[in-house]
Amino acid sequence: VACHVGKDTVLENCPDNTALLALNGMPGLLLDAKYDRDEMTLTVPREKIVEACEVVKVAGYNFLEDVTCVDWYPSDPRFQVTYHILSHRLKQRIRLLAMVSEADAAGTAIDSIIPVWPSANFYEREIFDLFGVRFNHHPNLIRIMMPDEWEGHPLRKDYPVEGYR
Amino acid sequence: MPLTVDPILLDPNQTNSSLTNVINESARHNEINANTSKDQTMVLNMGPQHPSTHGVLRLLLEIDGETVIKCAPDIGYLHTGIEKTCEAKFYQQVVPLTDRIDYLCPMTNNLAYCLAVEKLIGMEIPERAEYLRVMLNELTRIQSHLVWLGTHAMDLGALTVFLYCFREREEILRIFENVSGQRMMTSYFRVGGLSLDPPIDFYAQVQAFLKMMPSKIDEYENLLSGNPIWIGRTKGVGHLTAEEAIALGVTGPPLRASGVDWDLRRDMPYSGYEKFDFKVPVSNDGDVWARYVVRMEEMRESIKIAQQALDGLPSGPIAADAPKIVLPEREKMKTQMESLIHHFKIVTEGFAVPAGQVYQAVESPRGEMGYYVVSDGTAKPYRVHMRNPSFATLQALETMCKGKLLADVVAVIGSIDIVLGEIDR
């Protein structure tokens, strides 16, 4: 199975990927790209995530499937916010990544994409609850799974599986 | 069981945040009550132990008389941290956990997870295993839809349907027990194939069920489709347009009932679904009735797919030829040194999976179920995330209930077929 790493290599090998071309056409939106196991992964700057989502939405990727996060502790930037976006027309899926450092996670971490896809609401609350990454301009950023008075964020890698005792 | 009524009178000057405040400050509701006097609306607390919320869903409903003004789901009562637990298990040990996410479609969960890990490894599985997986997945879909139909009809007052549905569901559970040893938490699929070849009487059992089932579906429809109460409770209730459904992340039967012709089995085939001939039922009405019609048709299509899988079932192995990943047969393990070593290594150390990240989506009875598995090259997954259909569909509840009667909330919850196990994980 083909695996292409790096923006230039992917641009060369996947010249007909709509999302790749759309993001590459806008200045400063595409940081990195990877094509692996038939899946396209595109890294965008965290400050421009809303703009990137709008660009891919216009390009035909109409359905937000999933938003989640991966904690790459102890690397920096630590949090990888992951968006899976589907195109009903192209029958194709892309993955957008935005990296958030630990210092930013509690502050101006990343903008909410609710203006583009309202379905991001619960997913962003879940990431805030379980990873402690904040979403700016989210209308209701409160815990969703854990009790309101819970301390800590359970899906972080430095949180033990059994919880703190 | 009566409604848990929590009559909190809200300050009319409070705006959007009022419900949030209620969630956060429910302990202080007496104070809120004392401080307000002239109000138009009230907040009704529905659940988490209300029988028609299908589990432990808690809804905070702001109502004006009998009209719903706002509807805020409060979830997390079943949160067990399965995603965190997965990170501490070997890849193969995660399979039993996936059963427990959506406990009405264990085989679908197994399939999505196994396909994701197989994609990470780059593994081809034998055609026989693919066919059996498809057949069992379609039986799972019928089984799940039967629970949906029975409980949905019971919520709306038609008790008989529930007994009929569970009668046929029992047959499917017997098939599952025969094939995997378990009625509900089957854990039958393995990374690389299936755990065991089905017993000899399995095929006749499935054939008898597939032959009997179409007339039973007609029977349910005879009970409901012409029933004026059923029609009155479902037609024009809980309307959702195609644009709203897409914006709110709705998938599966509710999406198709809103007129979006999208089914992952046909449009992005997995596990050999491209080899099967079936129709995707779509309706343009977008109401509770349309979801009923779509699911009833889906059951008929599932019977057709399962029949094709049974008729065309190839012979051959049921697991891939990968001795370092798939456990050896019992007999070989007892007689061959090498198989014994492999068995010991797989059980004690697991198997390493090449680094990378994949997202594998399948069409579960409730919609798109996606497994996002991240590997760092070790024998345990670095991160497993489940994209569950009910979690997203729940966000559309407010759109469907707003401005409608309180009694319709029950019909709408039934029609989106939520399973709290997969919402809270």
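Let me begin with the pairing of strands β5(A) and β6 (residues 92-100) of chain A, which run antiparallel and are joined by nine bridges; strands are DSSP runs of E, at least two residues long, numbered from the N terminus, and two strands pair if DSSP finds at least two bridges between them. One of these bridges gives Gln80(A) its partner in β6(A), Met99(A). The two strands form a hairpin with four residues between them, and in the turn Lys91(A) has a positive phi of about 55°.

A word on the source: this is a predicted model, in which local features need pLDDT of at least 70 and side-chain atom pairs count only at pLDDT 80 or more, while totals for chains, interfaces and linings use all residues. Residues are numbered from 1 along each chain as its sequence is written, chains are lettered from A and ligands numbered from 1 in the order in which they are written, and side-chain values use heavy atoms, with hydrogens and water left out.

Strand β4 (residues 63-71) of chain A also runs antiparallel to β5(A), joined to it by eight bridges, and Phe63(A) has Leu86(A) as its bridge partner in β5(A).

How many of the residues of β5 (residues 79-87) of chain A are buried? Nine of its nine are, where buried means under 20% relative accessible area, exposed over 50% and partly exposed in between, with a 1.4 Å probe and protein chains only. Both faces of β5(A) are covered, with Phe79(A) among the buried residues on one side and Gln80(A) among those on the other.
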